[in-house]
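This report examines selected residues of one protein chain and their surroundings. Please keep the sequence and the structure in view while reading.

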Amino acid sequence: EALAIDRENGDTLWWDAICKEMKNVRVAFEEYDGDIKDLVGYKKLNMHMIFDIKMGENFRRKARLVADGHRTATLASITYCSVVSLDSVCIALTIAALNDLQILACDILNAYLTAPCREKFYCTAGPEFGSDRGKTMIVVRALYGLRSSGAAFRSFLAEHLHDIGFKPSPADPDVWMRPAVKDNGFKYWEYVLCYVDDLLAISHNPSRTMKSIEAKFRLKNDAAEVPVNYLGAALSQMDNEHGDYCWAMSSDKYCIAVVKNVEDILQKKGLRLPSKCVTPLSNGYKPEMDCTPELKANGIQWYQEIIGQLRWAIELGRVDILLETSLMSTQLALPQDGHLEQLLHIVGYLKSHKKMKLLFDCAYPKVNEKWFQEYEWFDFYRDAKEAIPPNMPEARGHDVIISCFVDANHAGNEKDRRSQTGILIFINKAPIIWYSKRQNTVETSTFGAEFCAMKIATEMIEAMRYKLRMFGVPIDGSANVYCDNEAVYKNTSIPESTLKKKHHSIAYHRCREAVAARTIRVAKQGTEKNLADLFTKILTVARRMFLLERFTY
């Protein structure tokens, strides 16, 4: 088929792409001269070519030989790959600025083909193999398309990282650590973050780490570079208000691609995106009360695809559509015409609000100690203490302060009267976790809804403190938690307060014990300054901008 296209166009671009791919992938095969019957335990493998045109590279033709791994039976234990979590990336960017470390990024060339194949396969060489056509070939390298290739490459890379002194963090096995010391005697941790074949090296001298990796693997562009893009987000350096450099993350390019993709589909239908979308959802819209006709099968699929794209945009920093996307996600199973219309309204909002950055500001926040009261908890929680990991590494570098804003919109859902939880967690002034989700239970009071939200926030803070400790990051004191409910603040902060409703007892004791253990401390923050308010309620334009300007750029 590629040759036919070449003949029609009078060129050999597609065939050249095939030859280039076969030159790279030939190392994955070894010729077998014996009888096929002697290949005990081996299975025959079928393969196919995938073709693409790289739009940003002068329309370069690209071919990729891919194994039909979806037709093979593979153990689940060897079907994983290295995928660093996004909050680990945010933490690493913050720590890099805090400890004055540099970052380099690289992409390993033909990554899977560097690792040995974990399964037993053979194939019959096709015309792409040239003079070897018709021969029996043993698959010896991890081909793209095999289910075990991701795990094979991760194991191969891990072995090399071990050899050069790195160890994986138990909190995130795709964050690798190595102790280091600057010339002035400052102790810190070097990190390597792995997302399949995309690596980030964080160190005072990251080029040394990259040279160690380059000794084993060939890199794309033949060199490591200061990261500009990572996992679909644009990375850049900005100065904070103190003039210190920090890393910033933006999903602008990704959002532009999402908008263009949706507009192209609408254009084929003779439609267009709504204009003048000053907020993500139309004023007063409630998705649970929509009574429009149900979407057909292709409409449901398109709705779910857009939700997936918006969710990833949120992961990359578009926190301004977090609540609205969360509300529209509740209709994934059976969306209606009105739901799709409002989803397109969110895309229209992204089109008219193209730019937004999250700055991972390493500066320490100003904490008013008068807001926090200290009490003696011994008589109430005698044995309360924070669980410290026994295997945590030595704390190195500058310490961090954890802050958390938590809120709940009591009975916000008009159909089932469930509340919405909103949580925003900072390390110093850097936003690390943003969360908005409908609660699992129907709470009969604002107090109950707020306490359920506080319990979720407490558990997320404990997980964050564990991860920081396992990354070797020192933590300065208790996490500062800000809520806007007087009853919740008093019941978590004052030991002699009593609980009147048994239904809330789990959340009540869970939060109070965390306060007694000095894991968290709680202060009342007025609703007008509670940043988590953005993730629980549909707000006016002025109110939205007031809150967003506090932590976005």
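## Glu324 and its partner

In this predicted model, the side chains of Glu324 and Arg544 are joined by a polar contact of 3.4 Å. Glu324 belongs to helix H8, which covers residues 322–329.

Is Glu324 buried or exposed? Its relative accessibility is 3%. Because buried means under 20% relative accessible area, Glu324 counts as buried. Leaving aside residues up to four places away in sequence, Glu324 touches Pro280, Leu281, Ile346, Ile538 and Arg544.

## A nonpolar patch on the surface

Val278, Val541 and Met545 form a nonpolar patch on the surface. Together, these residues have about 240 Å² of accessible area.

Val541 is found in helix H13, which spans residues 541–548. Val541 has a relative accessibility of 39% and therefore counts as partly exposed, since this class lies between the limits of 20% for buried and 50% for exposed.

## Leu45 in a loop

Where does Leu45 lie? Its place is the loop between strand S2 (43–44) and strand S3 (47–54). With a relative accessible area of 3%, Leu45 is buried.

Leu45 and Leu146 are 101 residues apart along the chain, and their C-alpha atoms are separated by 9.7 Å.

Conventions
Residues are numbered from 1 along each chain as its sequence is written. This is a predicted model: local features need pLDDT of at least 70, side-chain atom pairs count only at pLDDT 80 or more; totals for chains, interfaces and linings use all residues. Side-chain values use heavy atoms; hydrogens and water are left out. Patches are made of residues with over 30% relative accessible area and no salt bridge: like charges are joined within 9 Å, nonpolar side chains (Val, Leu, Ile, Met, Phe, Trp, Tyr) within 5 Å. Accessible areas come from the Shrake-Rupley method with a 1.4 Å probe; for residues, only the protein chains shown count as cover. A salt bridge is a side-chain nitrogen of Lys or Arg within 4 Å of a carboxyl oxygen of Asp or Glu. Helices (H or I, at least four residues) and strands (E, at least two) are DSSP runs, numbered from the N terminus. Buried means under 20% relative accessible area, exposed over 50%, partly exposed in between (1.4 Å probe, protein chains only). A polar contact is a pair of N or O atoms within 3.5 Å; within protein, one must be able to donate a hydrogen and the other to accept it, and residues adjacent in sequence count only if both atoms are side-chain atoms. Contact means heavy atoms within 4.5 Å.
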